[in-house]
Amino acid sequence: MISCQHIYYGPKKSDFQLLIDKRDFDQEGITAFVGPNGAGKSTLFKVMAGIEAPTSGEAKFEGMNVFKDYEVIKNKIHLLTWDISPYS
């Protein structure tokens, strides 16, 4: 299960801020994130995968903080974005 609690990402005086109060992803299957460009979808994925640290709050995978416990869980979480090419 992935859990996001009180995620805040971005400078306080900015046009871009990502705010997630509480969201749990606890079902098997495919979850879709839909929104316009710049809505924060990729940023949220990076926070949930432990690649970017949130300004405040935490994301957990199986009860472990994905950023602080990254070395423990890095082989269980994978993020493949559209702009990563395995052949470059």
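## Report on a predicted protein model

In this predicted model, Thr-43 touches Tyr-9, Phe-16 and Leu-18, leaving aside residues up to four places away in sequence. Thr-43 belongs to helix H1, which covers residues 41-48. With a relative accessible area of 17%, Thr-43 is buried, because a residue counts as buried when this value is under 20%.

Two helices and four strands make up the protein, and along the sequence they follow the pattern β-β-α-β-β-α.

The four strands form an open sheet with antiparallel pairing, in the order E2-E1-E3-E4. Strands E2 and E4 stand at the edges with a single partner strand each, so one side of each is left without a neighbour in the sheet. In general, strands of a sheet pair through backbone hydrogen bonds. Strand E1 is joined to E2 by seven bridges, and the two run antiparallel. Within this pairing, Gln-5 has Lys-22 in E2 as its bridge partner. Helix H1 packs on the sheet, where it touches E1, E2 and E3, and the direction of H1 makes about 120° with that of E1.

| Strand | Residues |
|---|---|
| E1 | residues 2-9 |
| E2 | residues 18-25 |
| E3 | residues 56-61 |
| E4 | residues 64-65 |

The largest nonpolar core has 14 residues, of which Cys-4, Met-48, Ala-59, Phe-61, Val-66 and Ile-77 touch the most other members. E1, E2, H1 and E3 are the elements that give two or more residues to this core. One of the residues named, Ile-77, touches Met-48, Ala-49, Phe-61 and Val-66, again without counting residues up to four places away in sequence. Three of these contacts, Met-48, Phe-61 and Val-66, are also among the core residues that touch the most other members.

Some totals complete the description. The protein has 88 residues, and 25% of them count as buried. Thr-43 is one of the buried residues. Among contacts between residues at least 6 apart in sequence, 41% join residues at least 24 apart. The protein exposes about 6800 Å², and carbon and sulfur atoms supply 53% of that area.

How values were computed: Residues numbered from 1 in each chain as written. Predicted model: local features only at pLDDT ≥ 70, side-chain atom pairs only at ≥ 80, totals over all residues. Heavy atoms only, no water. Buried < 20%, exposed > 50% of the residue type's maximum accessible area, 1.4 Å probe, protein only. Contact = heavy atoms within 4.5 Å. Pairing = 2+ DSSP bridges. Axes fitted to C-alpha atoms, helices over the stretch in contact; angles between N-to-C directions. Core = buried A, V, L, I, M, F, W, Y, C linked by side-chain atoms within 4.5 Å. Areas by Shrake-Rupley, 256 points an atom, 1.4 Å probe, with all protein chains shown as cover.
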